[in-house]
Amino acid sequence: MSDTATIQSRVSAATELAANAAQPFEQAHAMPRSVYQSEEFLQQEIDNIFRQDWFCAGRASSVANPGDYLTFELAGQPIMVIRGKDGQLRAQSNVCLHRMSTLLEGRGNKSSIVCPYHAWTYETDGRLRGAPAMSKNDAFCKKDMRLPTIRCEQWLGWIMVTLNDAAPPVSEQLAEVEAMVGDYGMENYHETFFETHTWDTNWKVLAENFMESYHLPVCHKGTIGGLSRLDEMVCPPGRPAFNYHTILKDDELKIAMAHETNQRLTGDRRRTTYLLALYPSLLITLTPGYFWYLSLHPDGVGKVRIMFGGGMSPDYANDPESQAHFSALKTLLDDVNVEDRGCTEKVYRGLCSDFAAPGPLSHLERPNYDFAQYLSGRIPA
Ligand code: FES
Ligand SMILES: [Fe+2]
């Protein structure tokens with residue numbers, strides 16, 4: 001290896017990203033390959049992003065009743081969000097206080113939390129209720145034992161969790177989002193499906209795919225591509241905690257339009273779709289009639305864990321055709337997802353090639369440029 005090559009191989013992904021992000025938007029290029037492939041950069045993302053920022057665990061309406069719970073992993077931490085018998089929603093460690101087994105799996109409802117290993121049993125609020133055959137250990141004091149709590153806030157119907165006690169409140173960080181789409185009433189949209197998936201791509205490839213609608217007419221020509229015109233897409237500069245763009249849908253897709261009973265939205269807003277990318281990894285498609293979202297977490301450099309959910313606005317829930325609307329929506333989104341999976345897995349395979357090089361961005365990829373700025377700010381060279 002020549003000296004130059006040796007030096008180049010030591011340039012970190014963060015340094016390459018800083019150089020990429022320093023370009024003005026008019027000369028912007030896709031992010032360097034190393035940010036998608038480097039194990040070191042992934043660890044920096046876990047430490048500087050997923051351990052620091054707010055992460056979306058789903059919709060509050062999916063844990064509406066006492067004992068309803070959901071589980072997930074954030075930056076290597078198994079976490080449960082559970083509604084207590086007192087009605088409070090809490091995030092707490094999903095790890096037993098005995099020999100440290102994880103406790104709950106998936107989603108469901110429990111009146112108490114029983115460890116699957118030796119049956120130590122916890123109240124829904126995390127207090128240890130009982131433990132068999134522990135009376136002879138003097139060090140065991142049941143009343144002092146409680147699962148550690150983790151910071152959790154609800155915002156516009158979203159459950160947001162962070163491991164960082166110093167993070168600004170969600171409502172403060174995303175106040176501009178609330179002002180921008182407040183008239184959609186997203187807090188009342190009802191989740192009708194929730195799934196988890198793992199795709200073979202880097203988490204940022206999928207996030208970036210969501211951030212631009214440049215790919216709609218081509219990647220989605222089998223589904224929504226024909227409904228979205230490039231010249232009707234608006235991609236304003238991003239903000240520190242999020243980026244967004246809008247598209248106008250035409251009324252061939254009725255469920256994307258404001259329902260006739262919707263008095264909140266007027267003019268073109270009745271057919272405007274917002275694509276919100278709330279950093280790091282909550283991606284929301286918000287239309288007047290329905291919403292769907294992805295909440296992403298890396299699972300190694302080449303895999304992404306996906307929470308995928310969505311549903312209709314409350315105006316449609318009261319429509320006599322609501323069941324037909326829901327199933328039309330789900331069929332459509334499944335088909336769209338198959339197309340996105342194909343495109344994002346192809347990008348990951350492609351960027352792993354030694355012949356790959358990041359190309360210039362379209363003005364319709366403004367949010368991707370802003371995302372690179374955010375990442376580079378979080379992971380300085
Ligand atoms: S590890 Fe949970 S009861 Fe033993
Ligand atoms: Fe897509």
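Some housekeeping before you click: residues are numbered from 1 along each chain as its sequence is written, and chains are lettered from A and ligands numbered from 1 in the order in which they are written. Local features need pLDDT of at least 70, side-chain atom pairs count only at pLDDT 80 or more, and totals for chains, interfaces and linings use all residues, while side-chain values use heavy atoms, with hydrogens and water left out.

**Colour by pLDDT.** This is the predictor's confidence in each residue, from 0 to 100. The chain's mean is 95, and 98% of its residues reach 70 or more. Now select 1–8: pLDDT stays under 50 there, and the model has 1 contact (heavy atoms within 4.5 Å) beyond four places in sequence for this stretch. Where pLDDT is low, the predicted coordinates should not be read in detail.

**Show the interface.** Here 14 residues of domain 1 are in contact with 19 of domain 2. The two bury about 1200 Å², 56% of it on carbon and sulfur atoms; that is accessible area (1.4 Å probe) lost on putting the two parts together, summed over both. Pick F55, C56 and R59: in domain 1 they lose the most area to domain 2, together 47% of what that side buries.

How many salt bridges cross the interface of domain 1 and domain 2? The rule (a side-chain nitrogen of Lys or Arg within 4 Å of a carboxyl oxygen of Asp or Glu) finds 0.

Next, highlight β1 (55–59), β2 (68–74) and β9 (149–155), the elements giving two or more residues to domain 1's side. Strands are DSSP runs (E, at least two residues), numbered from the N terminus. β1 has the largest share, 5 residues.

A cis peptide bond joins Y279 and P280, with omega about 0 degrees. P280 is in the loop between β13 (272–278) and β14 (282–286).

**Finish at A119.** Look in the loop between β6 (113–114) and β7 (121–122). A119 isn't a glycine, yet its phi is positive, about 70 degrees.

Conventions:
Helix = DSSP H or I, 4+ residues; strand = E, 2+ residues; numbered from the N terminus.
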